Amino acid sequence: MRKSRVVFMFLDLVVSGLSQRVAGPPQGRHRAAPRHSGETRSRNPLAEVSRICSQPTAGPSRRVMAVFAVAALVFAQSAPAFAYLKFGIESSSGPLTLKWPRPVRYFVNNGSVPGVAASDLQAAVGRAFSTWQAVPTASISYQFVGLTAALPTQEDGQSTLGFDLRPDLDRVLASTDILLDNTTGEIVEADIFFNAAFPWSTAPAGEAGRYDLESIAVHEIGHLSGLGHSALGETELRADGGRRVLAAEAVMFPIAYPAGNVSARTLRADDVAGISDLYPDGGFRDATGSVSGRVTHNGVGVYGAHIVAFDPATGSLVGALSLDSQGRFAMLGLSPGPHILRVEPLDDADLGSFFDADRKIDLDFRVAFVPQLVVVPRAGDSGSVEIAVAGK
Ligand SMILES: [Zn+2]
């Protein structure tokens, strides 16, 4: 029996300050397919995700809508929701979370670009995979199989990372697409291409004017592993309408640091919570706790509020979004002990990085703090924290 398959595609955008979004899909990669596909091996390009900066006023593409609609559907039906976005699909037997059922075997394409030989590429992505694999509370592992002439844009049963020259994608630094079995949610293949139209570097300390391959690989491998975007970052609007990242507390923040910066080589608490929740190991469930609750505005549940838990003992931040019409949220994988909870509108990145564009997101409220510390019990939940926010 042939399995039905769906592909999720993450096109990560990069260049800040441009006044346009990528208008169309890359040639030959997108095929129209129903969102909840029963088709055999249908390509379902579901997400276009901004990695460095996108027009805050531009509408998300249909592909974004599709993937976030699917994700939101899963969140809405599975309680509790999660601290970071992870992706799921709806199946006849209920929502399924995308994840690998076994160690990920990957190939590296033997092509090179100026400044980055195939061996440099292999080493840089190897370090990026090792970063995720080193998380002690997560079980996912990755195995390098070998260099290959196969392209990362081929659907061939092999997961391949490599360069692809796509000058037409003038804001896309890299892209991940995931082929999954939509009867189980199991990922069967994932490919990542780095756009050779941009200048790249694998220099240990980064290189001015060149994008750090390892940093971008860490972000893409987060997608390859099943993670979506985190909202834990601060940006400022630029005069040209783009956004500049001031700080990101997750490598899965959808807007990247500029060329030359290597900060995103290192996972943050939110990334660790995300990968650990998908692939729990090392007593993760017993050693951590959760906070759940509800955000309301004038008595009505807020959809898409960003809730941030700060642990003053460790300095770590984990974020969550309220993901149903009652404003409910849940954050898993928190360190036990008292936390400071803050609620803010989701206004530091393009909403299309997180949500179905049809979804009404309430941005018209002021940042609020929960007046008392919220204690996270070990292996337990805080109990519902009710947060009422006020209009601006
Ligand atoms: Zn991304």
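## A tour of strands and a helix pair

Start by selecting strands β5 (residues 104-109) and β7, which pair in the parallel sense over three bridges. Strands here are DSSP runs of E with at least two residues, helices are runs of H or I with at least four residues, and both are numbered from the N terminus. Two strands pair if DSSP finds at least two bridges between them. This is a predicted model, in which local features need pLDDT of at least 70 and side-chain atom pairs count only at pLDDT 80 or more, while totals for chains, interfaces and linings use all residues. Residues are numbered from 1 along each chain as its sequence is written.

**Strand β7**

Within this pair, click on Phe107, which stands opposite Thr160 in β7. Next select strand β9 (residues 187-195), which runs parallel to β7 and is joined to it by four bridges. There, Phe193 stands opposite Gly162.

**Strand β14**

Move on to strand β14 (residues 289-297) and strand β18 (residues 328-334), which run antiparallel with five bridges between them. Gly289 stands opposite Leu334 in β18.

Then select strand β15 (residues 300-301), joined to β14 by two bridges and antiparallel to it. His297 stands opposite Val300. β14 and β15 form a hairpin with two residues between them, and Asn298 in the turn has a positive phi of about 55°.

**Helices α2 and α3**

Finally, select α2 (residues 118-133) and α3 (residues 213-225), which pack at an angle of about 50° with their axes 8 Å apart. Axes are lines fitted to C-alpha atoms, for helices over the stretch in contact, and angles run from 0 to 180 degrees between N-to-C directions. The two helices are therefore oblique to each other, a term for angles that are not under 35 degrees (roughly parallel), over 145 (roughly antiparallel) or 65 to 115 (roughly perpendicular).
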